[in-house]
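Reader: Put the model up, please. I will ask as I go.

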Protein chains: 2
Amino acid sequence: MLCAAIGLIFAFFLIAIVLRAPAGNERMRQISAAVQEGAKAYLNRQVVTISAIAAIIFILLFIFKDHLTAIGFIVGAFCSLSAGFIGMRVAVIANVRTTQAASVARTNALRMAFNGGAVTGLLVVGLALLAVSIFYTAANKMVGHDMAIRSLVGLALGASLISVFARLGGGIYTKAADVGADLVGKIEQGFEEDDPRNPATIADNVGDNVGDCAGMAADVFETYAVSLIGAILVGALTLVGNPAVIIYPFVLGGISVLGAICGVLFVNVATGKPAAVLMGGVLTSAIISAILFWPATHYLFPTGLTIAGATRTPTQLYFASVIGLVMTAVVVAITNYYTSMRYAPVQKIARASETGHATNIIAGLAVGQHATALPVGFIGIAILLSFHFAGLYGIAIAVMSMLSLAGIIISLDSFGPITDNAGGIAVMSNLPKEIRAVTDELDAVGNTMKAVTKGYAIASAGLAALVLFGSYVEELKAHVMRNGEPFVFQFSLNEPKVIIGLFLGGLLPFIFTAFSMDAVGKAAGAVVREVRRQLKAKPGILTGQDTPEYGTCVDIVTKAALREMIVPALLPLIFVVAVATIKPLGPVVLGGLLVGTIVTGLFVAIAMTSGGGAWDNAKKFIEEGNLGGKGSFAHAASITGDTVGDPYKDTAGPAINPMIKVVNIVAILIIPIFF
Amino acid sequence: MLCAAIGLIFAFFLIAIVLRAPAGNERMRQISAAVQEGAKAYLNRQVVTISAIAAIIFILLFIFKDHLTAIGFIVGAFCSLSAGFIGMRVAVIANVRTTQAASVARTNALRMAFNGGAVTGLLVVGLALLAVSIFYTAANKMVGHDMAIRSLVGLALGASLISVFARLGGGIYTKAADVGADLVGKIEQGFEEDDPRNPATIADNVGDNVGDCAGMAADVFETYAVSLIGAILVGALTLVGNPAVIIYPFVLGGISVLGAICGVLFVNVATGKPAAVLMGGVLTSAIISAILFWPATHYLFPTGLTIAGATRTPTQLYFASVIGLVMTAVVVAITNYYTSMRYAPVQKIARASETGHATNIIAGLAVGQHATALPVGFIGIAILLSFHFAGLYGIAIAVMSMLSLAGIIISLDSFGPITDNAGGIAVMSNLPKEIRAVTDELDAVGNTMKAVTKGYAIASAGLAALVLFGSYVEELKAHVMRNGEPFVFQFSLNEPKVIIGLFLGGLLPFIFTAFSMDAVGKAAGAVVREVRRQLKAKPGILTGQDTPEYGTCVDIVTKAALREMIVPALLPLIFVVAVATIKPLGPVVLGGLLVGTIVTGLFVAIAMTSGGGAWDNAKKFIEEGNLGGKGSFAHAASITGDTVGDPYKDTAGPAINPMIKVVNIVAILIIPIFF
């Protein structure tokens, strides 16, 4: 709690710095205000929709589970929504100031955008640590240890479910606006990005904030809280009676807040290439954490820990925690390779654009799929090693230490949308081209950072979900034994029910993403039709004599996003409950389903987020003047790839991350209800 | 054997009918001969390349396994290659005669194309039945029952491995030529399909024969032989001492040859809409089989069969066999819905084309993913039911009865490339437009049929692979017990090694298809450059004054296909051997790998083949005059979708089918070598 408090104080200190910076001229502030207004309006309506669904689930939990779990659910849901609000609020404050800073120097703009992101990062991590620790401490006092642990699952569900909605709603919003704006604006009319004549341009900029900032913040809050709760759960279920195993994940999280603060300081001091400075910040953060984990582990487990009959030394536990830090570095490096324009994969897509739209798409799809190999290989190694050091608890520790870096990683992720918006404000305010050049350069770095953090999020989600699956089995065992029955369930691959479960679970990411992409396609089509209508009704827009009605596009995507997010977001819930209740299926099929979702979810998510990032930067590579540059045939093809990549990397792909966890958490929750 | 012989005799009778039909005018025969020559030249070179690899594997098997397995491998490989040759030879005879028949009446063209396909179907099925039964009978006499069964795995490996090469080589060839021809011809120059001015047009038509006909025939031979061998293996390993369990799969296969003949007769008699007539043929075939299975089952198992301690009645076994027939109908109906232009999914893609290339791609990707849901759901039901009726043997029987319909199903599959080629010959011979209209209509039906049969192939492959996985576990058990050790291996999802195996196996289809698509992209790029070069060097080609050099394009794709197929085809082999030999991995990880490959392979393959078919027919839907018709903006976008779909549905997607089985068969084969 102390570390969380320090993190929050530092975040407020950063806010003060950001707010003190100049917010630019009148026109810039007007545009920023319009974006801010649209984002606030959308988030408010999203809160209303989500609250209605949350209320129903709260009532169901209140009736069919215990009251504390239901309260945990509300706490998790509330914090997840708050994280989203924080992310959006800070971003809209930072974007205009980044534009202003870009007019001074690149370093200033870099720091401004990064500090804006860092505020979100520290607030979200601090919030998650505080929420879980306060809720656990209070519940422990009220109902005792066992029930307190179980009701934490409610908190996890609240966080995950809301985060699925936020990711989907925000993701559909941002990409429908973006794709719609690009299809008519860039391809039909030849507008530049963020051209004020484009009626969808404000909606596009609002989207960056509600999707990439608010959605992402809710998502990371969820990932952090669930990894923490997963580690506590595994500790409590498999290593009964040792309070240190529950304290350890909190300590790892707390230490890393200090690490993240050091990382933020590094970025604010260092100079050099933007990508190098940002990576330096992450490295600083990881090294500080790695150093502090050592005494903490030895202090908590002076004589080690007995797991599955064998004693593990404190050094072995320490190794498990370091694996999480190393995995972060590995995943970041791999995703960077596949999505940065400096390396072969992105350049291959760019070259494929020279022969047309179709070869660009084929190359991009192939790159996305190739990009799954190394992360999955390293996840396998991480599982093998951390299990070797400390069993399932070791995997849980590795995940928690991986997530402990979230504070600094989010700072990178927010970087992208903030610079993207800063560029938009520059263009719309008719600022000199040099400012746009600075924000464009930072935006390309931001694209890679966004892909990198998504790779990180999904890799950690895969591991966290495995921990949750372990908890599912343990909880099922505990439940059966509480009822005085023998535990007969087998999760062997020889069992047809397990195979059926794997198939059903494997299906979930495929149709979940299919629905999400459909949603973007549908909403984007509506935007295209509206923009075409406006340009036809008011031809003066093209010449700059008429002002477009930005509000109608904002309104269309707002409604579409809220409508279209419902089905895919409820899909995992329905799937799990159906498998649990339909007669010949049941607990064994459900176990297979959980693992099946993790397996295909991991691949689909990595392929989508990496492929999408690579497409985006292939376009940027061509726009830098390579292979014919802007306006060439290759450029047109690369825009198609970028547009296909949009829902891949910003809607469907990242939403898989909370979805996998919803599936696993719901399964744990319903054990006592249906089995 | 008798039924197989009847099937072969009927096939020769059909060949006589096809050969007797008129082969058109001089120009038509010239073009047909050019296509035939290119196809023969490619297949000959493919045989040389594959033979070299087969020779190495033969030697390895000869040294590290027994001689009979090595001989089985050669038999399987030889038959698989022969099946490819048969498919190609018959198709090039039937295509020009279909063009000629189209000038008389639609029904004549339909029957000619179908009969050409039926020859391939009956020959392939007859060959597979004969090869397996003769090899088994001979081996049984020479080395006894146990060894004979084991050496059948060698035959399965030969069939599968060669089929991976044939599918990939042919698939890369056909789609590189197709994509290359389309990208320059249609999009840059505005040529019609098969315009003789396009230098890549002969290569494109050759590709239809070596990919869609030869590759497909090898693939179906493999699927049939492996399903048969899988059923025998499960019967021999789990139900020791009952010869009827080994005879039963043969009997099901034999009966269905008779069913297939009835189906062929039906198509040659019935009149009506092409799709309805073809479906009528399949239905006839299935009903005849279902009727004859009843007495056969009761004759072979008069008192039923004891499986896992419980007695199953002959009626229960019969039900297991009927499940396979029903599954075929279900998969055919579902795939038809997702890929036929009469239904919502294809029309959704067509409408998405109105807003651009990118929305067409997004819609197509989403349709492909949606199309996985129902087949996988029904596969789950089929597993549950057939296992309920007769355990693992029940699943094996269901697969075999599903595959027994291969004779008639291939006739549908060959239909597409034959009509496609017939249309090409019509255009290149400057025949009247009405003929092209007939072949175009049949081609659209052919697209759906091709997608349908691919859905069938992959669904059966998923089930067959599960049977092989069961055999892997049984064989591992038998091996460990032969060595006098206790069987300690656990394939439970709680075991991290199983999870790692699932991840590694799940990875395989993703990188396998990534490599395959890269291969097509690369080879197509080479064709594009060559066509551009020719059109620049000889501007007279565009006006019809110069004749293009068709040979150089044929040569480029031939070399590219042979070069690019090697890496992806050897990938599954390398993966399995690596997992088996690298130290901390081993048999348990390998077991997880087998299942992981099945799970993701099934989804990726269905998504690719259905998505590809839907894209193709969305284009045809627009070309029929909907949404602006040919030359509209929507049409351009739909061509992009079709081109992306090409490697999806004809290279990467269908090659997953034999690849899944290679993985499982190699795993069974290497048990005594490495464990």
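Reader: What is the relative accessible area of A:Phe487?

Author: A:Phe487 has a relative accessible area of 26%, so A:Phe487 is partly exposed. Buried here means under 20% relative accessible area, exposed means over 50%, and partly exposed lies in between (1.4 Å probe, protein chains only). A:Phe489 also counts as partly exposed, because its relative accessibility is 26%.

Reader: What are the ground rules for this model?

Author: This is a predicted model, where local features need pLDDT of at least 70, side-chain atom pairs count only at pLDDT 80 or more, and totals for chains, interfaces and linings use all residues. Residues are numbered from 1 along each chain as its sequence is written, chains are lettered from A and ligands numbered from 1 in the order in which they are written, and side-chain values use heavy atoms, with hydrogens and water left out.

Reader: How many aromatic pairs over all chains?

Author: The count over all chains is 32 aromatic pairs. Rings of Phe, Tyr and Trp (its six-membered ring) pair if their centres lie within 6.5 Å; planes under 30 degrees apart are stacked, over 60 edge-to-face, and the rest tilted. A:Tyr472 and A:Phe491 make an edge-to-face pair, at 6.5 Å centre to centre and 65 degrees between the planes.

Reader: Where do A:Tyr472 and A:Phe491 sit?

Author: A:Tyr472 is in helix α14 (residues 433-482) of chain A, and A:Phe491 is in the loop between α14 and α15 (496-537), 19 residues apart, so the pair links distant parts of the chain. Both A:Tyr472 and A:Phe491 are buried. Elements here are DSSP runs numbered from the N terminus: helices are H or I of at least four residues, strands E of at least two.

Reader: Back to A:Phe487 and A:Phe489. Why is that pair edge-to-face?

Author: The ring centres of A:Phe487 and A:Phe489 are 5.7 Å apart and their planes are at 80 degrees, so the pair counts as edge-to-face. There is also an aromatic cluster, formed by A:Trp294, A:Tyr318, A:Phe319 and A:Phe389.

Reader: Now the core. How many residues does the largest nonpolar core have?

Author: The largest nonpolar core has 532 residues. Such a core is a set of buried Ala, Val, Leu, Ile, Met, Phe, Trp, Tyr and Cys residues joined through side-chain atoms within 4.5 Å. Residues with the most contacts inside that core include A:Tyr393, A:Tyr472 and B:Leu590.

Reader: What does A:Tyr393 touch?

Author: Leaving aside neighbours within four places in sequence, A:Tyr393 is in contact with residues including A:Val234, A:Leu239, A:Tyr248, A:Phe301 and A:Ile307. Contact means heavy atoms within 4.5 Å.

Reader: What about α15(A), how far does it reach?

Author: α15(A) has 42 residues and reaches 61 Å from its first C-alpha to its last, close to the 62 Å expected at 1.5 Å a residue. The expected span is 1.5 Å times one less than the number of residues. Of the 42 residues in α15(A), 32 are buried.

Reader: Polar side. What does the side chain of B:Asp616 make a polar contact with?

Author: The side chain of B:Asp616 makes a polar contact with that of B:Lys649 at 3.4 Å. A polar contact is a pair of N or O atoms within 3.5 Å; within protein, one must be able to donate a hydrogen and the other to accept it, and residues adjacent in sequence count only if both atoms are side-chain atoms. B:Asp616 lies in helix α19 (residues 587-623) of chain B and is buried, because its relative accessibility is 7%.

Reader: Last one: which phi does B:Asp194 have?

Author: B:Asp194 has a positive phi of about 65 degrees, although it is not a glycine. B:Asp194 is in the loop between α5 and α6 of chain B and counts as buried at 5% relative accessibility. A:Asn430, also not a glycine, has a positive phi of about 55 degrees, and A:Asn430 is exposed, with a relative accessible area of 64%.
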